[in-house]
Amino acid sequence: MSIRGNIEAVRVKIAEAAKAAGRDPAEITLVGASKMNDAAACREAIAAGIDALGENRVQEMAEKLAENAYDGAPLHFIGHLQRNKVRQVVGKVALIQSVGSDPLLDEIEKQAEKLGIVQDILLEVNVGGEEAKSGFAPGEISTAAGRAKTLPHVRLRGLMTVPPIETTSGENLTNFQKVNRLYVDINQKLYDNTFDILSMGMSGDYPDAISAGATMVRVGTAIFGHRVYPATNQEGTV
Ligand SMILES: *Cc1c(COP(=O)(O)O)cnc(C)c1O
């Protein structure tokens, strides 16, 4: 397998899914989920034209930033973010996709204010209501979006979701449609249709996410191959 060949194959599938949904493939951003892949793999993906790279762990991202792994592409943070690590992320990434609680939102605002910047963010929706997953419940997301609007140092660009792991293919289509309805509703009622990012879909289900309106997909395995986790650390599995 080659990263370049894999990206080309994913782009073909993105284009097919977009066309089937009557959408323009150019409106779909491809984010490479590069956790557990080294700086060389990140550079290969950037050379092959990936639109952005997304990282899950602050420590790993810091190490790869020090190696200039992301030069040439925007960097996103897509993993669970602890409040005490916000300082290492704000201002270092173009977009924090995984803002899933009010305290985290407040901490990002605080750090961005200190730096004198406006940090782009997405709010994460826990669409499956899973205990172990972070994110706002679907019923809370509108209130959270309203609150984000009052914070001068964050700019809410849209929503992100990681639905439950599918047991059968196509299972998450209804979850994606549900998040799209929330996105459209909040966009109209609170944000004057300025939202431009609906981030949903991973290697196993990104065509379904596109058919349900995703403007951004986060693809790891289908680009970089299977990740090998150290036996003692499973936190990167979602
Ligand atoms: C790892 C990860 C992905 C990509 O998952 P794959 O199934 O490998 O494509 C997407 N989003 C998030 C938040 C992830 O942690």
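Helices (H or I, at least four residues) and strands (E, at least two) are DSSP runs, numbered here from the N terminus. The structure is a predicted model, in which local features need pLDDT of at least 70 and side-chain atom pairs count only at pLDDT 80 or more, while totals for chains, interfaces and linings use all residues. Residues are numbered from 1 along each chain as its sequence is written, and side-chain values rest on heavy atoms, with hydrogens and water left out.

An N or O atom in the side chain of Thr-221 lies 2.5 Å from a ligand oxygen. Arg-227 places a polar side-chain atom 2.8 Å from an oxygen atom of the ligand, and for Arg-218 a side-chain N or O atom is 2.8 Å from a ligand nitrogen. On its own the ligand has 390 Å² of accessible area (Shrake-Rupley method, 1.4 Å probe), and the protein covers 94% of this.

Two backbone positions also deserve a look. Most residues other than glycine have a negative phi. Asn-68, however, has a positive phi near 55° and sits in the loop between α3 (58-66) and β3 (75-77). Asp-192, not a glycine either, has a positive phi of about 50°. Its place is the loop between α6 (173-190) and β7 (197-199), where Asp-192 is exposed (over 50%), with a relative accessible area of 65%.

Methods. Polar contact = N/O pair within 3.5 Å; in protein donor to acceptor, adjacent residues only side chain to side chain. Buried < 20%, exposed > 50% of the residue type's maximum accessible area, 1.4 Å probe, protein only.
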